[in-house]
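Subject: Structure handover

Hello,

Here is the structure for you to look over. My notes follow below it.

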Amino acid sequence: MSGAVSPTGGSAHATYLGMPAFPRAAAVSTRDSGLRANLRRATHTIRAKRAAAVAELDDWERLRAAGAAIKDRTLRHLDHYLVRLEENVTRAGGTVHWAADAAEANRIVTELVRATGEREVVKVKSMVTQEIGLNAALSEAGIRAYETDLAELIVQLGDDLPSHILVPAIHRNRGEIRDIFRDRMAQWGRPAPEGLTDRPADLAEAARLHLREKFLSINVAISGANFMVAETGTLVVVESEGNGRMCLTLPETLISVVGIEKTVPTWQDLEVFLQLLPRSSTAERMNPYTSMWTGTTAEDGPRAFHLVLLDNGRTDTLADRTGRQALRCIRCSACLNVCPVYERAGGHAYGSPYPGPIGAILTPQLRGLTSALEESLPFASSLCGACYEVCPVAIDIPEVLVHLRERVVEGGEVTVRGTRTVIKPAKRHAAERALMRTAGWVLDHPAALRHGQRLAARTRRFHPRRLPGPGRAWTDTRELPRMPAESFRDWWARTRGGPAGTRSREQAS
Amino acid sequence: MRVGLFVTCVNDTLYPRTGQAVVTLLERLGVQVDFPMTQSCCGQPQFNTGYRHQAEPLMRRYATAFQDFDHVVTPSASCTAMIRDNYPRIAAKAAAEGRGGTMSEAAAGAVAKTYELTEFLVDVLGVTDVGAYFPHTVTYHPTCHGLRVLGLGDRPLRLLEKVRGIELRKPAGAEECCGFGGTFAVKNPAVSAAMGADKARALTETGATAVCAVDNSCLLHIGGTLARDGSAVRPVHIAEILACTEGSAL
Ligand code: SF4
């Protein structure tokens with residue numbers, strides 16, 4: 001297998017780089033009726049199950065408030081807890097590395113793998129390694145990474161990108177998965193069995209056989225973590241399949257890349273999240289596998305343990321009073337599953353491993369408002385509030401969306417790599433800004449507003465039914481309302497008001 | 001008790017009948033209502049699109065226009081939500097920017113006295129039977145801001161259930177957003193239209209002849225989509241149903 005870093009030739013890793021703005025990507029994906037059907041079925045099923053699992057607990061709201069409060073307190077004193085975490089991981093035989101950004105994290109991991117002399121690694125499902133593009137970086141260094149989570153495997157074999165936090169291959173149906181296994185498994189290792197069907201049990205068995213070979217032969221594993229307990233230096237991975245457990249226990253070397261916001265101070269705090277997470281994410285009372293490890297243990301599990309603590313925009317996000325609540329996220333995916341926009345647009349339109357409502361507030365903060373995509377994400381919501389309602393750590397996603405919209409259209413203060421800077425309003429909103437200013441003036445001068453209403457009423461028979469230019473975005477699929485002959489205020493003045501036209505005094509302006 | 005009507009800019013300009021219905025209804029219930037002409041827009045479109053500073057003068061205007069009233073009633077859940085949820089935020093952010101002044105009083109005053117119509121009827125007046133008559137099959141769409149920000153719960157349905165002659169039908173996926181979202185409808189037209197199409201289908205499948213809601217902005221989008229689809233369901237604000245009597249049925 002020497003030299004063959006990517007089965008598809010070259011380093012053809014699917015990437016989120018250069019993705020178009022959300023509306024453009026969504027305009028394409030909403031037309032994909034197969035995708036719409038897959039997503040609708042999947043999200044509506046899990047949505048109903050989550051509601052039932054949550055309804056079983058009569059103290060859910062209190063748990064939720066506790067989760068939010070614990071995260072807020074931890075984030076407020078994150079510097080302190082990270083140092084404690086480092087001390088305790090080190091004391092337990094692990095090594096802690098600090099990575100300011102994606103490039104640094106990738107460099108650290110690549111060097112750690114190289115130092116083992118191995119050329120292959122197994123991976124536990126981890127969003128943070130998607131965020132930093134670790135697989136591509138490893139591939140460039142001649143190291144092959146094998147995804148071992150079933151859905152991540154489907155994504156990797158299909159040369160695809162994840163589109164959901166919990167179910168990265170949610171956009172694929174059983175038939176598509178069967179085809180991917182049949183056509184691609186052989187290039188990555190053990191081929192799919194002859195005559196593979198699309199029955200879930202058969203697909204799972206094919207994956208099991210394919211992956212078992214990797215678990216038994218590969219000596220280095222890379223993981224993320226759901227939580228890091230500062231008081232003991234313990235990492236926690238919560239999963240359903242058991243494949244993560246294999247990766248975490250069988251190899252000689254374990255490298256975990258974890259965002260700094262995953263810290264919780266104590267085991268008592270962890271207990272709250274172990275209740276909130278499974279019910280919100282898989283609608284289970286408790287997830288099947290919870291793996292916890294503290295440094296290294298003689299004669300058991302990996303001999304070497306490295307923890308790479310990743311910032312990559314997190315402390316900058318922490319500097320924003322309104323935006324920082326996004327860092328409470330425990331990646332349960334409940335907000336995706338209830339989101340009507342996610343359901344229609346699909347995960348890829350969000351241009352990052354964090355799709356849906358959480359992606360719309362996290363990506364523009366972690367990456368900064370660096371391109372048309374990041375600038376468009378805060379607007380990828382109707383502000384219906386379904387996400388906030390289900391979020392187990394009560395992130396007011398609509399509030400953050402509106403806050404980030406302001407950064408886009410008005411500019412303002414942001415923190416970039418630790419330095420406060422003032423950004424300018426985004427260029428592409430110039431026309432809208434002018435319109436808003438004019439509308440603002442009219443609305444603040446009721447006499448002018450009344451004048452405009454009368455003019456519109458007088459000319460109403462000549463109003464077009466279809467609008468040109470940007471107005472087409474409305475009239476392509478919707479009729480315009482008919483302008484009434486008389487506005488409410490004119491009716492009031494005529495029927496209830498005095499001779500001056502009002503019962504109350506009208507301002508001259 | 002001095003009651004002011006905040007009709008909202010959308011109703012003032014496009015749906016005067018809704019405002020007229022609120023006046024008819026409240027007067028029938030013995031409430032004297034006044035309409036201060038200095039009122040305008042609550043600032044929701046500006047604020048939700050990111051133009052918070054443009055919403056500030058409108059918030060101040062609202063507070064001044066209604067300063068002499070004990071209660072303000074408005075036939076719009078999203079405008080009520082704007083006032084209740086976002087006026088305090090606007091004031092707090094202005095204060096953080098060193099421009100607080102009297103803004104937090106203005107916000108607090110507005111929050112304390114503003115009621116969405118069905119809240120005012122059920123909570124302040126304590127009525128659910130408003131003596132209405134509406135002999136049609138109606139489906140009720142709970143709008144997102146009414147449902148999730150204001151927590152209107154079953155107030156609108158309790159009012160509708162008491163309407164004589166009405167037949168109520170529940171649509172599938174009732175609590176799902178219709179896809180309007182203000183400027184979302186034009187910034188993300190594909191997704192908005194897809195959501196609107198699903199909503200329109202669910203409403204049409206009820207077999208109702210009218211869809212009612214507590215907000216004309218959602219109905220603008222829903223009605224526009226239904227009309228383009230050639231659906232028989234027409235949009236009607238809940239106030240217009242509650243205002244109807246045997247003598248004046250629509
Ligand atoms: S934002 Fe809340 S609901 Fe969404 S994934 Fe994070 S924790 Fe879950």
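This is a predicted model. I start with the ligand. The shell around the ligand divides into 10 nonpolar residues, 1 polar and 1 charged. Its members are A:Cys329, A:Ile330, A:Arg331, A:Cys332, A:Ser333, A:Cys335, A:Ile358, A:Cys391, A:Pro392, A:Val393, A:Ile395 and A:Ile397.

Next, the cores. In soluble globular proteins, nonpolar side chains tend to be buried together. Here the largest nonpolar core has 104 residues. A:Phe22 and B:Tyr87 have the most contacts inside it. Helix α5 of chain B (residues 77–96) supplies the largest share of this core, 7 residues. A second core is separate and has 46 residues. A:Ile177, A:Phe215, A:Ile218 and A:Leu235 are among them.

What does A:Phe22 touch, leaving out residues up to four places away in sequence? In chain A, the contacts are A:Val341, A:Ala345, A:Ala349, A:Tyr350, A:Leu373, A:Ser376, A:Leu377 and A:Ala380. In chain B, they are B:Asn188 and B:Val191.

Last, strand β5 of chain B (residues 137–140). Both of its faces are covered. B:Thr137 and B:Thr139 are buried on one side, B:Val138 and B:Tyr140 on the other. β5(B) pairs with strand β6 of chain B (residues 167–169), parallel, over 3 bridges. There, B:Val138 has B:Leu168 as its bridge partner. β5(B) also runs parallel to strand β7 of chain B (residues 210–213), joined by 3 bridges. In that pairing, B:Tyr140 stands opposite B:Cys212.

Best wishes

Definitions and conventions. Residues are numbered from 1 along each chain as its sequence is written. Chains are lettered from A and ligands numbered from 1 in the order in which they are written. This is a predicted model: local features need pLDDT of at least 70, side-chain atom pairs count only at pLDDT 80 or more; totals for chains, interfaces and linings use all residues. Side-chain values use heavy atoms; hydrogens and water are left out. A residue is near a molecule or strand if one of its heavy atoms lies within 4 Å of it. Ala, Val, Leu, Ile, Met, Phe, Trp, Tyr, Cys and Pro count as nonpolar, Asp, Glu, Lys and Arg as charged, and the others, Gly among them, as polar. A nonpolar core is a set of buried Ala, Val, Leu, Ile, Met, Phe, Trp, Tyr and Cys residues joined through side-chain atoms within 4.5 Å. Buried means under 20% relative accessible area, exposed over 50%, partly exposed in between (1.4 Å probe, protein chains only). Helices (H or I, at least four residues) and strands (E, at least two) are DSSP runs, numbered from the N terminus. Contact means heavy atoms within 4.5 Å. Two strands pair if DSSP finds at least two bridges between them.
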